[in-house]
Amino acid sequence: MQTKLPDIGDECVIYQRKGFCPYGLTCRFGASHLNADGTNKKADGFVEGSVVSDVKNGMTKDLQRNLRKRTFDFHDGGQQNKRGGKDRKKGRDVLVAAVEAKKSIVESVIEADAVAEDEDVAVADADIEDESMATGDIRDEEHIRLLPAERKRLNFAGKLYLSPLTTVGNLPYRRICKRLGADITCGEMALANNLLTGQQSEWALMVRHSSEDLFGVQVCGSRPDVMGRLAELLKAEVSVDFVDINCKTSRLNLCLLKTAR
């Protein structure tokens, strides 16, 4: 109690709302919920376990341990990109083979058209009886079933977007902006390598308040395999509506460290 800093107010808002303040002796409004001996009080009718945090995306000790010991399961995220980056010659060979195959197909089509013309078959002017025939580009959705998470569509039209602000756009600032009318919020830029190694200071940029109904995070990285593992990590551990990838940061120190491009 002798080393406790003086209070800056009489009433603790957390204690009033939830009946218990988890900050205890360190609370700067502790006069309303601290006994004379410094113990923390609980309001009448308080139920243990009823206090739910308004903040999400915090890094647990287990997650930090798994990241630092490299035991986190990324489901092979980034490994395909890593192998592809190391074997670029093989990728070029595959591309050349694909181009040659497409070239042969085009030549065969031209030859077939020439034969059709010789037989007086007007292929180009033929009437299409089935008007429901699909035309135009083929979309992936027509052949690949999308996951439920991929079907979500974000509508930014007519909404006020609070862009990422390094060293400024922290959680308290974003909460103030939400009260003043911001619709979409985004966290400060975080480094992929620091997130993957479990740095507490970097994970603090991932936190999200319950009032942020449309929230995203901004990340940057220099290698596809790193960004692939980060995508798996964010999908499994972080609650976000979108991810903003900073492809060109102006911070000189990051460019010198080749952390971002």
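The following legends describe close-up views of a predicted model.

Residues are numbered from 1 along each chain as its sequence is written, and side-chain values use heavy atoms, with hydrogens and water left out.

**View 1. The protein chain as a whole.** The protein chain holds nine helices and six strands; helices (H or I, at least four residues) and strands (E, at least two) are DSSP runs, numbered from the N terminus. Of its 261 residues, 30% count as buried. Here buried means under 20% relative accessible area, exposed means over 50%, and partly exposed lies in between (1.4 Å probe, protein chains only). Among contacts (heavy atoms within 4.5 Å) between residues at least 6 apart in sequence, 62% join residues at least 24 apart.

**View 2. The open sheet of four strands.** The strands follow the order S2-S3-S5-S6, and their pairing is parallel. Two strands pair if DSSP finds at least two bridges between them. The edges are formed by S2 (161–162) and S6, each of which pairs on one side only. Between S2 and S3 there are two bridges, and Tyr-161 has Ile-184 in S3 as its bridge partner. Helix H5 (residues 171–179) lies across S2, S3 and S5 and runs at about 165° to S3. Axes are lines fitted to C-alpha atoms, for helices over the stretch in contact, and angles run from 0 to 180 degrees between N-to-C directions.

**View 3. Strand S5 and its two partners.** Six of the six residues of S5 (residues 215–220) are buried, so the strand is largely enclosed by the rest of the structure. On one side lie Phe-215, Val-217 and Val-219, on the other Gly-216, Gln-218 and Cys-220, and all are buried. S5 pairs with S3 (residues 184–191) in the parallel sense over five bridges, and with S6 (residues 242–245), also in the parallel sense, over four bridges. Gly-216 stands opposite Cys-186 and opposite Phe-242 in S6. From S5 the chain passes through helix H8 (residues 224–237) to S6 in a right-handed β-α-β crossover. Right-handed means that, with the strands pointing away from the viewer, the path from the first strand over the helix to the second runs clockwise.

**View 4. The buried face of helix H2.** In H2 (residues 61–68), the buried residues are Leu-63, Gln-64 and Leu-67. Seen down the helix axis, these residues fall within an arc of 100°, so they line one face of H2; the arc is that of the directions from the helix axis to the C-beta atoms. An α-helix has 3.6 residues a turn, so residues three or four places apart point the same way. The cover over the buried residues of H2 includes H6 (192–196), H7 (200–203) and H8. After H2 comes Arg-70, with a positive phi near 60°.

**View 5. The surroundings of Arg-208.** Arg-208 lies in strand S4 (residues 208–209) and, at 8% relative accessibility, counts as buried. A polar atom of its side chain lies 3.0 Å from the backbone oxygen of Glu-212. The side chain of Arg-208 also reaches the backbone oxygen of Ser-239, at 3.1 Å. Leaving aside neighbours within four places in sequence, the residues in contact with Arg-208 include Asp-54, Asn-57, Leu-171, Phe-215 and Asp-241. One of these, Asn-57, lies in the loop between S1 (55–56) and H2. Asn-57 is buried, with a relative accessible area of 7%, and has a positive phi near 70°.

View 6. Glu-188 lies in S3 and, at 11% relative accessibility, counts as buried. The side chain of Glu-188 reaches the backbone nitrogen of Thr-167 at 2.6 Å. Glu-188 and Thr-166 are 22 residues apart in sequence, yet 5.1 Å apart in space, C-alpha to C-alpha. Beyond neighbours within four places in sequence, Glu-188 is in contact with residues including Leu-165, Val-168, Leu-205 and Gln-218. Thr-167 is placed in the loop between S2 and H5 and is exposed, with a relative accessible area of 66%. The phi of Thr-167 is positive, near 70°. Most residues other than glycine have a negative phi.

Terms used: This is a predicted model: local features need pLDDT of at least 70, side-chain atom pairs count only at pLDDT 80 or more; totals for chains, interfaces and linings use all residues. A polar contact is a pair of N or O atoms within 3.5 Å; within protein, one must be able to donate a hydrogen and the other to accept it, and residues adjacent in sequence count only if both atoms are side-chain atoms.
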